[in-house]
Every structure is written in C-alpha cells, then in structure tokens.
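Hello,

Please find the structure below, with the sequence beside it. My notes on strands and helices follow.

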Amino acid sequence: MTIIIRSYDNKKLSVSLLNGFSQNVLNVIRNIEGRWWDNEKKIWQIPDSKKTVEELLDNLYKTEEFNYEVPVFHVSSDAEFTEELTKLKTFLLTKHYSNHTIERYRYWVLMFLRRYRETEHKDQKEINDFLTELAIKKHVSPSTQNQALAALLFYFRFVKNENPTELENVIHAKLKRRAPVVLTKEEVRMIINHLEGSKKLAVELLYGTGMRLNEVLTLRILDVDFERNEITIRYGKGAKDRRVMIPLCLVMELKKHIEKVRRIHQRDIQDGWGEVQMRDGLKNRSPSLAKEFRWQWLFPQKNRWINKESGEQGRHHMDESLLQRAVKEAVREAGIMKNASSHTLRHSFATHLLENGYDIRTVQELLGHSDIRTTMIYTHVLPSGVKDVRSPLDGL
C-alpha cells in the first residue's frame, strides 16, 4: 500500500491511496479535521499544515500496516504561486463564484503553473498545449477540458490582464454522448428499503425532488416550507436558486426529522456551541444568525468537529462520501446490476416524471437546467422508445 501526499493548493494537501487500502487507513484520514473527499479526482484533501501532516503520519504508523519506509511522502513547493492564486480567488469571490467552482479553477490554474514552471512568459501557446495534453494524454472528458479552459481564461483576463483569443489549435476532448443510467421504480424502492435513518430520508429526497447530492446535504431548516409545500435550493449549480416540491409522503417524516435536529442543536447550545457555518456576508452582518435553529443544517453530522488548538466545536452537514457509500451498499444489497450511484436517482426522477406525462419544460425547471438540450437527454431513455418497435426479423 502506498500513500502519496502532494500540495494541492496554498491551503490544502492531496492524499492519494494507491494499490488498495484498508478500513483502518480510511478511518485515519476521516478523523483528520477539515478533510474532504474529491470524488472527481478520487483524492482526499486535508489542511496544509505541519500539525495535520504529523497527525496523519503518526496515526498511519499506529495502524501497524506500515513501517517507516513504506509510505511515500511527496510535497512539492508551490509558494511561488501563492500571490497569483490569492489574486485569482479574490477575483472569483468578487464575482460571486461558488466555493466549488473556486476550488476547481484554483486547481486547474495551479496545474498549469506547475506544468510551465520554467517558462518565463506563459501565453496562448502554453494554453493550447496544456488543453491538448489534457485531451490526448490525460483522456479527460469534454466538460473537464472546458472547465480547465474557463479557469485559464479567467486567470489570464483578470489576474494577468491579458485576453487570449487564438485558441483554435486546441485538440478538444472527444465528445461522448452516453445515455444516463436510469433505475426502474421498483429498483428505486428496493434501494430505499435497504437504507435507514437520516440516510434513507436524504436518498428519498434525492429521488423525490431531483436534487443533486450537495444540494440535499447543504439544505438548512429554513429551506423547508411546509405551508407552501416546497423546498428552496439556494446557490445551486450556476449560483441559481430554485424551488422543488416536498413529496407528500415525506411531510411527516421530515417534521419528525427536524424535531430530532432541534434536540441535537439544543444540546449543542447547552454545551456552549451550536454555531453553524455561514456565508461571510451573512456572518458579518449578523453574527448571531449562526446559532439560530432555522439556519442549522437539515442533515447535520453525527458528531461535532473539534479544533484541538482552539477547543472550538461545531457541526458540519453530513459528508457526501457517507451518503455515496450508503447508496452503493444499498444497490449491492438489493442485487441491482446497474452501475448506479446517488446521482442516478436524479436521472431516474427526471425520466419517471416524463413517463408520467409531465412536459419537459417542467422537468427542466425542477432540475435547474439552463439549457433545454441538457434535459432532452432523458427523452432518449424513455422505455416507450425501443420496446414498441417491431423488428423486421419478426416479420419474416
């Protein structure tokens, strides 16, 4: 087993697990305060500090699955890029980009700067070469390549005050049009029946509303409006708000769950904590909001995080990896052979609505798609398409 630790940006390190891993090793990483699983890159991110690294290595050795020569510890210095990355983040924040987009843009700009570290003046040629390399050698998807391009264009235009225009030499990643995996209604029922507690409720909301995984997990109590029978999704993809219905069969379960969260919050307050993470603007205007129940996460973590240096404690929302793993286990236990994940429930929601006769514009609005063409893909997986076509062989 090999663990590789590299610099991710000026605040985080990446942790890669090669040649397999054990549950003990996974638990060590999960116990690191501030760790985050990057599902796209398949890496863990941890705070870039001497204390964190020492804690990680010390606990890895305590698992007795390593000796002092097995782990590989690589850290490349990116201090020379700190100023430009800080400027990049400042411009992104000024233009109200989401935290996720900021992290992805910083990642691609950092990869670009590392790749051409020795090049004195980086211009359009380097952009072309970098994007072409992503397509040919890294085999990234077209959307990933486009994201890298957007990040570099933003960097050059706002940080470098340049405007690249001659990008026609880029070899673009091959567009792959694949029909999404869709579950039948019975398969969805089987998956839900293999879950319990808050994870079951979260999965029911994923399928019942078509929300994305992070949209469900970042819901706050005030986002659930029983009077209007709707859930407000704030700062969704593209920093857009939208509303979805509350499935009627979940109303009572949601109310019970909220009362359970209320009891958790009251205990946190009694222990001297109970403050939830807020956006900087709201926190600066009214610091007291962070302790109000209505601003608490709908799906809080089971345990409070603890800052060992300051002693401060808090409660974040449920980690994405926990729900992703729960869905994967439920799919396996249900005996479903499809390559289904938590996002498959969103695909199934859209397809089943179309099967039930709802128009595609309604589905587009519920999913939060900006372009109707994105929603149109679900018309290609409707079961009425192929099964009703009679093969000419049957007519022989």
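Strand 6 and strand 7 (residues 230–233) run antiparallel and are joined by 2 bridges. V224 has I231 in strand 7 as its bridge partner. Please keep in mind that this is a predicted model.

These two strands belong to an open sheet of 3 strands, with the order 6-7-8 and antiparallel pairing. Its edge strands are strand 6 (224–225) and strand 8 (242–245), each of which pairs on one side only. As background, strands of a sheet pair through backbone hydrogen bonds, and the pairing is either parallel or antiparallel.

Another pairing is found earlier in the numbering. Strand 3 (residues 36–38) pairs with strand 4 in the antiparallel sense, over 3 bridges. Which residue of strand 4 is the bridge partner of W36? The partner is Q45. Strand 3 and strand 4 form a hairpin with 4 residues between the strands, and in this hairpin K42 takes a positive phi near 60 degrees. Strand 4 (residues 43–47) is mostly covered, with 4 of its 5 residues buried.

Now to the helices, where I looked at two pairs.

On the helix 4 side, the contact is made by R104, Y105, W108, V109, F112 and L113. They meet residues of helix 6 that include T144, Q147, A148, L152 and F156. By type, the residues of this contact divide into 12 nonpolar, 2 polar and 1 charged.

The second pair is helix 8 (residues 197–209) and helix 10 (residues 251–270). Here the axes come within 11 Å, and the crossing angle is roughly 135 degrees.

When you open the model, you could begin with V224 and I231, which are bridge partners, and then turn to the contact of helix 4 with helix 6.

Regards

How values were computed
Residues are numbered from 1 along each chain as its sequence is written. This is a predicted model: local features need pLDDT of at least 70, side-chain atom pairs count only at pLDDT 80 or more; totals for chains, interfaces and linings use all residues. Side-chain values use heavy atoms; hydrogens and water are left out. Axes are lines fitted to C-alpha atoms, for helices over the stretch in contact, and angles run from 0 to 180 degrees between N-to-C directions. Two strands pair if DSSP finds at least two bridges between them. Buried means under 20% relative accessible area, exposed over 50%, partly exposed in between (1.4 Å probe, protein chains only). Contact means heavy atoms within 4.5 Å. Ala, Val, Leu, Ile, Met, Phe, Trp, Tyr, Cys and Pro count as nonpolar, Asp, Glu, Lys and Arg as charged, and the others, Gly among them, as polar.
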